[in-house]
Each structure stands twice: as structure tokens, then as C-alpha cells.
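Hello,

Here is the structure I promised to pass on to you. Please have a look at it first, and then read on for my notes.

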Amino acid sequence: MDVIDKDVLVIGGGNAGLRAAIEASGFPELSVAVASKSMIPGGASVMSAGVFNVVGLGPEPATIEDIFNDTIIYGDYLNDQRMVRTCLEEGSERVMELERFGAMQPRRETDQYYFFDVVTPGTSKLYRFKNRYAWQVARALQEEAIERGVEFYPEVMITSVQTSSNGATGATGIDMKRGEFVVFRSNSVVIATGGGTSLYKRAYCDTSSTGDGYAMAFKVGAELANMEFVQWIWNTNLYPPALEGRTDPVTALELALGGDLTVKEVLRNVKFVNVLGERFMERYDPVWMEMATDDVLCVAIFNEVRQRRGTKKGGILMDLTEVPKEINYRWRKGLDRHWSEMLHQIFDEEELRWEKPLEVGPAAIYSPGGIKINLNGETNIPGLYAVGAASCGMHGTAYLAGNCLGIDTLAMGKRTGETAARHALKKATPKIDWNSVDKERKRVFAPLEREEGESTYEIKTYIQNLMFDKVGIIRNEKGLKEAIQDFQRLNEEVIPRLYTCDKHQSYNIEWKTAIEVQHMCLCAEIMARSALFRTESRGGCFREDFPKRDNANWCVQTGIQLKRGGIKIYTIPLEFVYLEPGDIGWKEDWLPKMYPEFSGNPSVLHAKLK
Amino acid sequence: MVLKKKKKVKLRVFRYDPIEDLSPRYETFDVSYIPHMTVLDALMYVRKNLDSSLAFRYSCRQWVCGQCAVKVNGKPALICKTSIEDEEITVDPLTPFPVVRDLVVDRRKVQDRIKGIKPFLMRKNPAIKEPEPIDIKVADTFVHLNQCIDCYACVSACPMISTKKDVTDGFAGPVTMIKLAKFALDPRDEADRASAAYSEGAYSCTACAKCKEVCPWDIDIPTLGIRYLRQLLVERGDVPKTAQDALMNTYKYGNPWGQRKDRRGEWAKDFNVKNIPKGKNADILYYVGCTPSYDPRIQEVARAMVFVLREAGVDFGILGNEEMCCGAPMLRLGEKGLFDMLVEENLNLFEKYNVKKVVTTSPHSYNAFLNDYPKKGLRVQHYTQLLSELIDEGKINFSKKVDAVVTYHDPCFLGRYNDVYEPPRKILEAIPGLKLVEMPRNKENSFCCGGGGGMMWVDELGEERACVVRAREAVSVEPDVVATACPFCLSSLEDGFKIIDKEVPVKDIIELVKDAI
């Protein structure tokens, strides 16, 4: 068993983790490591479209108020307002800093960055990096981390956080390549493992966002918050299966049209059609139709699919035939090559010319909830920190496009890295509880050693489908209770009997999946319980039995924690430092009319559709 | 699309666990075809339904994480980007990386090489103001180079690496070069990137452009990466001695071989070829090139050309002693100044003698005139293109049979650079009695002979040379003759056969045509 002594251990190699590691390595006395189950840089950070909200830059600079207000509207008042404000104040500095790290932003003038306006509900100017720039941000952070001597452990999957009564003592994991158990002895452990979108069968993010950080932190008693919220995107591809949910043609539209023509204007001429040939938005939002807000579109599409009026692959048809040809031309010409090739990979030429409807469906894009942190990235456990999508505080119910990169990963990354480093400075070498490590080792190796039991891949698919159906876009008490019962059963009876057919130790993906599935199942239960607890509808948590927003009772975060005696779920009151709920524009309350389930034979319809 | 729904795809996958298995093996899986299917779909299907122990990496599914590069039908590619178009597909791990398991390779050695070049911005003085003034074009090029996603497909495709036993043997590879070029280009970076480029093997590139072809992001590694670095090295005079001599010779004598200028036309002295500078008019200028003018072996090619063109009744002439080097190798060696000078001189010559159409022996000259020279309305053809037209017009009468099994080696500057794959094959197939067989790697997948990019004048690093690997590959299809259409390929391959001690004649296509007339 390898024991690796590092003062600060960062779990996760995305932007948030790397930024924290960079900051921690600024203290020369400390040794800093980044461990990731994927490559470094990796995760969802490299996939981002590269949108930054920046204060005070550009031809018409946005003010802090602009972005702050939009953030609160998007987050539906569940944000940690102090955190948003502080990070916005520091955000521009963090973006400028990227050039010091080695990034180079595309320029409009020699001394002016390239700006790009994206449509937002308010007034903020989004500052977008051209050319899939987000990848290059991750690259710059990686390079800076190498320069500062941060040690990388790619493909080392951390499986548990170790704590003692004094706080974090380290972590355990498997070195995937050799299949060996490793122990990190660290005073500060930063969880930057990203979100839990892969808990759903269709996710827009990378396939490795399986909520590992949530589960690991929860198990050692960290408080999670807002776990019921999931952000959805309504227009992703459904085919081929491996690439399901990967590309969203409407975002591509936004990027290609370059801001002067809004997507909503294009959507004026778009028709959403179900398999019955109905323009179903008439039922959900007769005023705004397809131009309704994204939440409404997600619910409408999901409901059509749920009630068997969707296509076989679980989506609807987006009919763009009446959109002026000129826009299609601009779309096809305006796309950069990457987008264009990605679309060609999944759609036919006819579909791309908008002569045939595009089949699209909703996918999970972000987990706004997570490990509850304060402004310094601290959790309720000393020495345990969280940052990025693994944490909760910044976004409320949903992120505002451009906030994830700039203020969440970079600004909070720096703050968290600094706190973690200062904590480590004060501590002597931590004492690992070897009994607990041994127990963890047994747990991790059990699926590999078991000769028979439950199939890893089957359980994974089962969880993903169940989450999508019952803890997905539309939730209700009955479904949630069933889901909780199911997940409880899985956690108690099935998970302990997981086994892998593949018994090799080196690079055993089935084994890795078995460990992920354990984390996923725990997360799934947490999310379902939180969703059941919140008896209102807000953001990405739509309860059809409580379809209204309930400001009087529910302008609070949902906390969930493992305490002696089981899972405790409760509300966490929020401090409204700058804006009281309702101070600025609420998103209009919207009550969808639900229709009874379609009772005919869907296969007849599918045949008719062809 | 050839495949229809419900068809089966045969997926041949490399399997190996170095700890448990004695040797690697291939396993075949049948997977049902679905529209828009990618290799990732097929592999995921296998892992989920047929064999859960199949190891491969993937994460993002949209070509940005760089983890899933493998060899699909021998060609390095991202599995999430590669659509299935054939009924049979072979998936191998990237070579020459050590295999961790199945399709997963250990990339540490390349990562260490990259780490060795200090892959981070090195500057002492911080910017005075931010955003720092940087030229818009420089920033755009930087962003283009910085698109590299570390998939290492280029490393696996590079003929200067894939021939070696190990990634650490010699050339550090296109990926390291592209990173060095990025920092060298960066006006903020103060480190000496050019020296690093020299020691990492900037003079090991054959400019075959295979790296650019397999790059999922189409990064122009040969031009913006390696040629740029070589230009910096030439400016400082850091060029291998042998290449330095070639450059100096070209400067002095108009050819890299250091031969006398007044003997350039000597090869043709018994043939009474029209000499355009001596007042003879001709429809076509036959641009011979340096190597065919001076190298005794390649002179045969030029003479064969004269014979064939005459037989076909083509009205052509040469520039004789006035001909100058086309400059293609000089440009690839990084001597842009010399190249510009040669461009000017050559264009002046063409203008002076009213040349409207040029036919070249070498694909290197052809590519230079066509793509590197300023567009002046000059019609440029490689001789294989002209010949294939002549065959179509029935102007070439074959009277003899060439009873031989022939395999054709695609020159990079003809094939990959200019998509000329069919004309050479058409000519060979038109020769009576000749049987054309293809090498395992042909056309788009062809493997460089190791002689391009100025490598004729530079010693190759590492143990096994590319020409040897290609010669062995040629031997594997048991040909009587190996044909090619490039003077450099011809020389390199002859070297290759000499080294492996096999007596397989290497001939230019034109020589085979001559034999058949």
C-alpha cells in the first residue's frame, strides 16, 4: 500500500481543482497534489463553451450590479449573496490573471479582448472567449500548476475521504493503471470533483460526473445543500447512444449568430411537434409558445415524452422549416468548424438544412447543489473544502451562463486554495485511522473479489433511468417516494453485492464503475430525499403536486447530512444581504396544464411518423 | 454510407493485459449497425453487453478531453469522432506506447518529454498594462496552436516515432513541437525555445503532414509548428552541418548537391532536348529539378521522361543550365529567405521565357510551384498527371509487356498534400502485364519514406529508419518491383532495401512506362 504525504490534496483535475492547487502551491512550505480519476485537465471544465461574465471590461462594461442581479434572478434567491458579490468583485482579476498564467485571449484590438454578447435576461455583458477557449483556460491552469510544482496523479480515483475527530486526515484511492490501493495523508482535502449530471441517463456534461465528491463528503458527515436542484437543457441530440445529450443545436445557433439575432427571435418561427403531429406548446404556454423560458420548455417536452407522445428515442421534433432560409444559411456559415463537424456527426444534411425536423430531448447540464461551503470554501468539517460544481452556495437553483468559469471555479478556487493551504500550515502530520482505511480497502476491493452478485453496468443503467424518470424534470410525491424506497433498497441490499466479471486489477473499468455506482446510488437517494422535502417548485426542481413557488416558506436551502441515527434533512435559512426576495424581477409564475396520459398504442404513432 | 441498418459490424479489438496475458491477441465482436454509429458506440456496446473487461478510455464525447485516441483501421483517431463506415473495423492501441491494458496505453513517457521542455510561460517581467498589447494575428495563431488536446494521435502517426521502439528514442514528436512553437511565438515568453526545439529534434521532421491529417483539431503542425521553429533556428544559424551545407550550396550553385551550375543540363546532352533559353519554343516546360539533374541514378528517370514524352509527341523543352532549384526543401528546412530568393529567380525565368505550363519530375517541386509560390497563372502538373491524360487520349502506345508484380509507394507531397492518388495507379494499371498490389498502408494512409522535409540532408535520429520500415512493408506484399514517383522516395527506398539486404528494384513510374513502350 502506497502512503503519499501531501499537505494539500485536491481531488479533481478541472478548472476549480487546478485553481485551488495553484493557490495552495503559492506557499513554498507546502506540498500540493491533484488526483483525478480522469486526465488532468479533465472533467466538464474542458467541455465548456467558454463564457465568462466579467465586470468592467469591454466596450460597454457591465457593472457588478448587472451581473449580481441576473445571478440572483437565475438562482431564484437561493444563492449565498455575499459569496456572489465577493467573487464578482474578484472575478475580473481572476480572468486577467489567466494571461499571466500563459493563456492568450483572442483579441479584437491589440489591447482589447474579444467580446461576445450572449442573450441574458438582464443587462449583463457576457465576455466570451472565441474558439472553444475554455479548453485553453484549463490548459493555462495546468501549465501554471506544473510550473509551481504541483504534483499530478492522473487516473488515481479517490474513493473516500478520511477524517478524525480533529478533521480531515487524508483520502484513499486506487491507482487505476496498476489497480493498487493508495493512501494520501493530508491535512487539507479539497473536493473539486464536479457535479452529478451523470446520474441521469442523458447528460450534457462528460461521463465522469458521477457525484463522487458529494457521496464521499456526505459519508464523513459533511453537510450537503440544495441537492434537489438540477439544471436542464432542452435541446440535445438523442442519437447515437454513445453521444446522446452531447450537442445542443440551439446553443450552436446562439454561437453562430453572434449575438445580433437572438435565439428567441428565431424560435418565434419554430414549431415543437409531438408524434401526434400536435404543436404541443399551445397547451403549456399559449402566449409564449416555443419562446417560453427554458424551464417551461423542459417541463413541456419531458411531459410529452412521459405521456408517450414523444418519439421512440425519448424526444420531440423541432420543426425549423418555417425559419427564414437566410438564418439557416447564416447558422451553417457562422459555426466554427468544431461545432459544424459535431452537428454533421449526429444530424443528416437534410436536418441541418432544416428541411426535416430535428429530434431533440432534454438532458442534465449542471448540479447547482452540493457540499455546503462558506465564502472561504470551508465545509462543516475542519480541513475539508469544496469548490466548483461539487460545492453549493454560488448558484442557487441554476447557474447564470458565464458564472461557472469566472466566479465559481476561478474566484472560489483561489479562495479555497488559500484557506486550505493556511489550514495545512498550522497542522502537524495527521494521524490516519488505519482501521477505517482498512475497512475502506475491503469495501473498494469487495466487488473485485466477489464471485457473483449484482451486475455493475445493469445497476448503473437502472439508477440512471430511475433518476431520469422519477427524480427528473417533473417530480411528484408518489414518484419520489417510490424512488427513495428503491434507492434505499439498492443501497442496503444490492450495492453490498455488486461484483465485476472482470477480475484483472490493472485498468479495470468495470471495477471503477462499481465504485462510481456506489457513490451514484447514495447521491441518488440524497437527491430524491431533498426533492421530496421541498414542497414547492423552483428552478430545476419542478414538483407537479406543488407547482407554485412558495416564497413565504421556501426561500431557504435544503440541508442534508448524515448524523448519528441516519440521514437528517432540514432547511438552512439564508441571509439576504443585498436583495430581499422579490426585490427584483421574479420570473413569472407559471402553471402548466398537465394532460392525461395518452392511452393509445404508441407504436402505431411511431409508424405514422415515418 | 455503405452500411444499412441491421447490418452487422465486425469489430476486431486488440486485447492484452501485460500482467496476466502471455501475448496480445485480437478478439472479434459482432455489433449491429445503427445510423451515425461511432467507434465509441461499438466499444460501449461490447463493454456493456458482450465483454465487460474491455478496457478503453473516454470521457467527454466531444473531442476535447483527448483521452480516447486509439488506432482505428491502423489510423490514429479519436473513437468519439470516428464514425463507422466499413463492415469490418480493427481497433488497436496507439503505438509505440506501452500497453497498460487492451486499448489503454501508458502516456507517461510523452508527458515527461513535454514536461522536459518546461511547458509553461516563462517571463521575468510582468506586463505593464493589462490586457497586454499583443498583435491580433499572433493571438489568433497562438489560439490555433493552443487547441492541442493532448490526445497524442500525432505522436502515433509520425513516421519518425512510430518506427522507433520507444517514444523516448530521438524525436520528441509533433505534440512537443507544437507546444514549443506556441511558446516561441508568444511575445511574452522569454525562454530560449528554439534551442529546446533543436535538442528535441526539430530537424527530424519529414514534413509528411501525417500529424496534421490525424489531428482532431486540424492543427497545422508541419507549417505553423515545425517550419516556424526551423526558421527561428536558421536565423540563429543552429542548423545541422549537413543541412547547412545543402543551404549554402543552393545559395552558391542553385542546387543543394554542390554541383557546378554549368553542368546542370549535362544529363540531356545526348538527347537533343529543346533548350528553351537557347531560343527553342515549346508548349511545356519540363522542370527537371536538382536531384534528377545531378544524381546519376535519378538522371535515368529524367532520361526516361524525355523518351516517353517524345514517344507521346509532347512538345516540351528544358531550361538546361539556367534551371534553378525550386526551393521546396529549403523552405522546409526553415530557410525562408533563400526560398523567397529562389521564387523570385524562378518566376523571372518563367516570365523571361514565356513559360505557361510546367511539368515536374518531383512532387516537391510540383507542390512548391502549386502551393508555396505566389499565384501567377502558371499551370503546374506533376508528370503522372500529364501521363495519365496522355494515356486517356491514347497517345501512349505500349508495345511491350512488363511481367511484374509492382507495388506503388505514395509520395507524401503528391498524395497527402495534393490528393494525387489515382493518376499514378492509372498509369501502372495501363502498362500491359503489370500487376499492381497495394501495401497495407496506401493512399491516404501511406507511410512516409523518411526523405521529405529536407531530411535528405539530415541524419535521422533513433535506431530504425523510416525507409527501412517502409521497405519491410513493401517486401511483405512480395513485389518484383517497387514503384514510386518521387526522386527522394526513390533514393530513400533504395537505401531501405540496402539496409535490410533485400534485392528489390525501386523504379520510378516513368521508367516502367519507358520499359513498356
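Predicted model: local features only at pLDDT ≥ 70, side-chain atom pairs only at ≥ 80, totals over all residues.

**Strand pairing in chain A**

Ile11(A) has Ala35(A) as its bridge partner in S3(A).

**The mixed sheet**

Chain A also has an open sheet of four strands, ordered S1-S11-S10-S9, and here the pairing is mixed. Which strands stand at its edges? They are S1 (2-5) and S9 (156-164) of chain A; each has a single partner strand, so one side of each is left without a neighbour in the sheet. The twist in this sheet averages 25° from one strand to the next.

With S10 (residues 167-175) of chain A, strand S11 (residues 180-185) of chain A pairs in the antiparallel sense, over six bridges. Two residue pairs are handy for finding your way along these two strands: Ala171(A) stands opposite Phe184(A) of S11(A), and Asp175(A) has Glu180(A) of S11(A) as its bridge partner.

The hairpin of S10(A) and S11(A) has four residues between the strands, and within the hairpin Gly179(A) takes a positive phi near 75°.

**Backbone details to check**

There are two cis peptide bonds I would like you to look at, one in each of the following places. In chain A, such a bond joins Ile40(A) and Pro41(A), with omega about 0°. Pro41(A) sits in the loop between S3 and S4 (51-53) of chain A. In chain B, the bond from Thr95(B) to Pro96(B) is cis, with omega near -10°. Pro96(B) is found in the loop between S5 (88-92) and S6 of chain B.

Another spot to look at is His36(B), a residue other than glycine whose phi is positive, near 60°. His36(B) lies in the loop between S2 (25-32) and H1 of chain B, and it comes up again in the next section.

**Where the two chains meet**

How much area do chain B and chain A bury between them? The figure is about 5,700 Å², with 53% of it on carbon and sulfur atoms. On the chain B side, His36(B), Arg61(B) and Gln62(B) lose the most area to chain A, together 13% of what that side buries. In terms of residues, the contact takes 69 from chain B and 62 from chain A.

Across this interface there are 38 residue pairs in polar contact. The elements of chain B that give two or more residues to the side touching chain A are H1 (39-50), S6 (99-101), H2 (108-116), H3 (136-145) and H6 (174-185). H3(B) gives the most, with six residues. That side of chain B divides into 33 nonpolar, 11 polar and 25 charged residues.

**Salt bridges**

Over all chains, a search of the whole structure finds 96 salt bridges. Nine salt bridges are found across the interface of chain B and chain A. In one salt bridge, Asp150(B) joins Arg139(A), with the closest N and O atoms 2.4 Å apart. This pair crosses between chains: Asp150(B) is in the loop between H3 and H4 (153-157) of chain B, while Arg139(A) is in H4 (residues 133-147) of chain A. Another salt bridge links Lys81(B) with Glu341(A), where the closest N and O atoms are 3.3 Å apart.

Happy to talk any of this through once you have had a look.

Best wishes

Methods: Residues numbered from 1 in each chain as written. Chains lettered and ligands numbered in written order. Heavy atoms only, no water. Contact = heavy atoms within 4.5 Å. Buried area = accessible area lost by both parts, 1.4 Å probe. Salt bridge = Lys/Arg side-chain N within 4 Å of Asp/Glu carboxyl O. Polar contact = N/O pair within 3.5 Å; in protein donor to acceptor, adjacent residues only side chain to side chain. Nonpolar A, V, L, I, M, F, W, Y, C, P; charged D, E, K, R; others polar. Pairing = 2+ DSSP bridges. Axes fitted to C-alpha atoms, helices over the stretch in contact; angles between N-to-C directions.
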